[in-house]
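This report goes through selected helices and single residues of one model. Please keep the sequence and the structure at hand while reading.

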Amino acid sequence: EVRGRLAVGLIPTVAAVDIPEALRVFRERYPHVRISLRVGASEDLTEQVRQGTDDVAFLGLPTTARPEGVAVRELARDRLVAVVSPGHPLAAEPTVTLRRFAREVFVDFPAGTAGRIQFDQAFAAAGLSRDVAFEVTTADYVTRLVGPGLAVAMLPSAYVPQLTGVVTVEVTDAPTRVEYVIWSRSGHTPAAAAFLAVLGVVPGE
């Protein structure tokens, strides 16, 4: 019988896995395991898994980065899309280029975080700079600023169907994000192994 605890970490915009549903299935199968959940930035979650604070974590990273010091399984790759208010001039456009989008005022995650780096790298690679006037730590607050027209944003296309009150526009030269699930390289608890099995991940394969 699996007992103990299961500590799960995730980024706010995880889309490759329905985390609440996975946790519901897990709790149904293993009712004696205490589940905890924390939301954070990919780099912090990686460190927490390395230290053993979290058992399993879900990350989103640019294609130029990969989690270090942990066991890793790639879950999905997803392109990023533009997110604007319904009244924004770009809302009626089928597509937008990074160069055109760079003229806008942005809301984004804090500088230095993995969620921000993937956007910064994409604009830098195109030789573009942009004005990030608003820095927030949660994706829902991104939409609270985009909806009234205070700013625009970029988010993973698989995540945006959850949003309301905003319009998404395809970016012709959009960067790609990779979602990973990670766990400790030095071993995992029975609860962590059982949760990975619910996800269809078998450590060591």
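This is a predicted model: local features need pLDDT of at least 70, side-chain atom pairs count only at pLDDT 80 or more; totals for chains, interfaces and linings use all residues.

Residues are numbered from 1 along each chain as its sequence is written, and side-chain values use heavy atoms, with hydrogens and water left out.

**Helices α1 and α6**

Helix α1 spans residues 19-29 and helix α6 spans residues 190-198. Helices here are DSSP runs of H or I with at least four residues, strands are runs of E with at least two, and both are numbered from the N terminus. The axes of α1 and α6 come within 10 Å and cross at roughly 125°. Axes are lines fitted to C-alpha atoms, for helices over the stretch in contact, and angles run from 0 to 180 degrees between N-to-C directions. The two helices α1 and α6 are therefore oblique to each other; angles under 35 degrees count as roughly parallel, over 145 as roughly antiparallel, 65 to 115 as roughly perpendicular, and the rest as oblique.

The crossing of α1 and α6 is right-handed, a term used if the near helix is turned clockwise from the far one by less than a right angle, with anticlockwise being left-handed. On the α1 side, A22, L23, V25, F26 and R29 meet A191, A194, F195 and V198 of α6, where contact means heavy atoms within 4.5 Å. By class, this contact of α1 with α6 has 8 nonpolar, no polar and 1 charged residues. Ala, Val, Leu, Ile, Met, Phe, Trp, Tyr, Cys and Pro count as nonpolar, Asp, Glu, Lys and Arg as charged, and the others, Gly among them, as polar.

Which residues of α1 are buried? They are I19, A22, L23, V25 and F26. Buried means under 20% relative accessible area, exposed over 50%, and partly exposed in between, with a 1.4 Å probe and protein chains only. Packed against the buried residues of α1 are β1 (4-10), β2 (33-39), β3 (56-62) and α6.

In α6, the buried residues are A191, A192, A194, F195 and L196. Their cover includes β1, α1, β2, β3 and β10 (176-183). Just after α6, G200 has a positive phi of about 85°.

**Helix α5**

Helix α5 (residues 139-146) has A139, V142, T143, L145 and V146 as its buried residues. Seen down the axis of α5, these buried residues fall within an arc of 160°, so they line one face of the helix. The elements they pack against are β4 (71-84), β6 (105-108), β7 (131-135) and β8 (153-156).

**Single residues**

| Residue | Relative accessible area | Class |
|---|---|---|
| D55 | 9% | buried |
| V136 | 11% | buried |
| T143 | 14% | buried |
| E170 | 34% | partly exposed |
| L150 | 47% | partly exposed |

The contacts listed next leave aside neighbours within four places in sequence.

D55 sits in the loop between α2 (42-51) and β3. Its contacts are R5, L6, A7, V49, I182, W183, S184, T189 and A192. D55 and F195 are 140 residues apart in sequence, and their C-alpha atoms are 9.6 Å apart in space.

V136 is placed in the loop between β7 and α5. Contacts of V136 are V107, D108, F109, P110, Y141, V142 and L145. From V136 to D108, 28 residues away in sequence, the C-alpha to C-alpha distance is 6.2 Å.

T143, in helix α5, is in contact with P148, L163 and V166.

L150 belongs to the loop between α5 and β8. V105, F134 and L145 are its contacts. The C-alpha atoms of L150 and V171 are separated by 20 Å, at 21 residues apart along the chain.

E170 lies in strand β9 (residues 167-171) and touches R79, V81, P94, T95 and V96. The C-alpha atoms of E170 and V25, 145 residues apart along the chain, are separated by 35 Å.

Conventions. The arc is that of the directions from the helix axis to the C-beta atoms.
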